[in-house]
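Please view the sequence and the model together while reading.

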Amino acid sequence: MFAVGNQEYEFVDGAVSMFNNPSFQLFVEATQKEYGIGWETGTDNLLLISIGTGFSNQSIKLGEAKKYTMLNWAGYAIGDLMEDTNVQQNVLMKLISYTPRSEQINRELSDVSVPSINGMQPLETGSSSPETSPSQAVEDFNRKLLTYHRYTTSFTKKRFKQRKLPPNIDPNSVTSIDCVDQVEALVSQFQR
């Protein structure tokens, strides 16, 4: 809790809203005069770096869904909606941004089993073709609204092994938003 003047406020994790990844909302608030900022758009004017807290592709084992109670489905639905909003925000940001490392966003999108957005018609004026000339590439770069970098990681055994995390840290045990019981195991890896 914190206070501003006589009013008290409490932080609630944004992951429980449609802004699981708040990049697009930040872009809107920074560029629209109604929010009191009104920064000029353009790839040379705005750089947004988004650092995610990791993601996982939640699945239900074959035959388990029929055993789910309303409580099981509620937890599953919340997690699924959080991942969907993350994917949606990444798609929006890729459409309006120059993303020098777009393979990072594509990998994140493919890891959560959604179609890649390579080749999707960009939201900009003008036309582009597969035979884009260098001058056309520069023009396309200049029409994007900002430069965007996204960094995050998938919570899978394969990725944890690549990151040299010990095998006793189960990716499924650290994916929930409230996995405070795993903090000691995770922190100990960075205190060597």
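## Basis of the description

Helices (H or I, at least four residues) and strands (E, at least two) are DSSP runs, numbered from the N terminus. The model is predicted, so local features need pLDDT of at least 70 and side-chain atom pairs count only at pLDDT 80 or more, while totals for chains, interfaces and linings use all residues. Residues are numbered from 1 along each chain as its sequence is written, and side-chain values use heavy atoms, with hydrogens and water left out.

## Aromatic pairs

Rings of Phe, Tyr and Trp (its six-membered ring) pair if their centres lie within 6.5 Å; planes under 30 degrees apart count as stacked, over 60 as edge-to-face and the rest as tilted. Four aromatic pairs are found in a search of the whole structure. One of them joins Phe24 and Phe27, a tilted pair with 6.3 Å centre to centre and 35° between the planes. Both residues belong to helix α1 (residues 23–31), where Phe24 and Phe27 are three residues apart, about one turn of the helix. An α-helix has 3.6 residues a turn, so residues three or four places apart point the same way.

Burial is judged by relative accessible area: buried means under 20%, exposed over 50%, and partly exposed in between (1.4 Å probe, protein chains only). Phe24 counts as partly exposed because its relative accessibility is 24%, whereas Phe27, at 8%, counts as buried.

## Helix α2

Trp73 and Tyr76 form an edge-to-face pair, 5.7 Å centre to centre with 90° between the planes. They both lie in helix α2 (residues 70–96), three residues apart. Together with Tyr68, Trp73 and Tyr76 make up one aromatic cluster. Trp73 has 34% relative accessibility and therefore counts as partly exposed. Buried residues of α2 include Met82, Val87, Val91 and Leu95.

The expected span of a helix is 1.5 Å times one less than its number of residues. For the 27 residues of α2 this gives 39 Å, which agrees with the 39 Å between its end C-alpha atoms.

Strand β3 (residues 47–51) has a covered face, formed by Leu48 and Ser50, and an uncovered face, formed by Leu47, Ile49 and Ile51. Two strands pair if DSSP finds at least two bridges between them; five bridges join β3 to the parallel strand β5 (residues 146–151). Tyr148 in β5 is the bridge partner of Leu48.

Leu47, in strand β3, counts as exposed because its relative accessibility is 55%.
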